[in-house]
Amino acid sequence: MGLHGKYSVGILLTFVLLGIVMLYVFPVISLITGVKTVTGNAFSVSRIALWIVLLITFLYSLFIEKGSFLLATEKKYSIAFNIKAVICLYLICVFGGAILNGLIQFLIHKEESNKILQFTSLFKNDYFLIIFTCFTAGAVEELLMRGYIQPRIEKIYNNSFLGILVSAALFGILHSTYGTIGQVVVPFFIGVVFAMFYKKYSNIKILIVCHFMIDFITLIAMNFIDFKHLSVF
């Protein structure tokens, strides 16, 4: 198998493993423990499962592809640039996501994710779970979707646009497990923004920090208001 073939298998493996975790980790935990509701401990285990997917993908890149996990060379920027980039990306994603959610609400009138509503109570004043969840989402999702998948798609098809579009589409599809249109459209939009940034600036750490901020501020807000529509999770 050629290198492009190995890239294709790696992308498929990563996406399938992420899909399995998103769809089946809670039913499996429930089957093992006998507890039907999702608890804080069960949610923590589900986040650990995402780290395991990242580890498997890393080992695949190391031993099967026999190359670097991050194909794009990580570029360094000044502290001022990093702060400005995080703030700009955050504002674009939050306001863009809010506009898209508003349009969806206007067109569909009302849609709620039962899964998200079920999770809401888990984060009430549990700041360790909030931080762990947000850090997992920021690090694992950015390293896999932007760091691993995006440049490999670009290499396979020799097309940077496809790298951006496909990685963002996969990002949106994975969030469809939350059961609403908004949970696909908004992550797809954010995926495009992040992928374009990564293509131009090749700095995954900025994306991890921004992704963390989006989720962290959202989950902290859930402690104080009835927040039913998360942009990223």
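Is Pro-187 buried or exposed? In this predicted model, Pro-187 is buried, with a relative accessible area of 0%. The residue sits in helix α7, which spans residues 182-201. Pro-187 and Phe-123 are separated by 64 residues in sequence and by 21 Å in space, C-alpha to C-alpha.

The protein chain contains eight helices and zero strands. From the N terminus, the order of elements is α-α-α-α-α-α-α-α. The radius of gyration is 18 Å, close to the 17 Å that the globule rule gives for 233 residues, so the chain is as compact as a globular protein of that length. Along the principal axes, the C-alpha atoms fill a box of roughly 45 × 40 × 35 Å. Among contacts with a separation of 6 or more, 79% join residues 24 or more positions apart.

Buried residues account for 47% of the 233 residues. In soluble globular proteins, nonpolar side chains tend to be buried together. Here, the largest nonpolar core holds 57 residues. Phe-43, Leu-89, Phe-119, Phe-123 and Phe-194 touch the most other members of this core. At least two core residues come from each of α1 (3-33), α2 (40-63), α3 (79-108), α5 (127-157), α6 (160-174), α7 and α8 (204-222). Helix α5 supplies the largest share, twelve residues.

The surface was examined next. The protein chain exposes about 11,500 Å². Carbon and sulfur atoms supply 73% of that area. Charged side chains number 17 positive and 10 negative. The centres of the two sets lie 7 Å apart.

Backbone angles were then considered at two loop positions. Most residues other than glycine have a negative phi. Lys-66 has a positive phi of about 55 degrees, although it is not a glycine. Lys-66 lies in the loop between α2 and α3. Its relative accessible area is 64%, and a value over 50% counts as exposed, so Lys-66 is classed as exposed. Asn-125 also has a positive phi, of about 60 degrees, and is not a glycine. Asn-125 is placed in the loop between α4 (114-120) and α5. At 56% relative accessibility, Asn-125 likewise counts as exposed. Pro-187, by contrast, is buried at 0%, because buried means under 20% relative accessible area.

Key
Residues numbered from 1 in each chain as written. Predicted model: local features only at pLDDT ≥ 70, side-chain atom pairs only at ≥ 80, totals over all residues. Heavy atoms only, no water. Helix = DSSP H or I, 4+ residues; strand = E, 2+ residues; numbered from the N terminus. Buried < 20%, exposed > 50% of the residue type's maximum accessible area, 1.4 Å probe, protein only. Rg over C-alpha atoms; globule rule 2.2 N^0.38 Å. Contact = heavy atoms within 4.5 Å. Areas by Shrake-Rupley, 256 points an atom, 1.4 Å probe, with all protein chains shown as cover. Lys, Arg positive; Asp, Glu negative; His and termini not counted. Charge placed at Lys NZ, Arg CZ, Asp CG, Glu CD. Core = buried A, V, L, I, M, F, W, Y, C linked by side-chain atoms within 4.5 Å.
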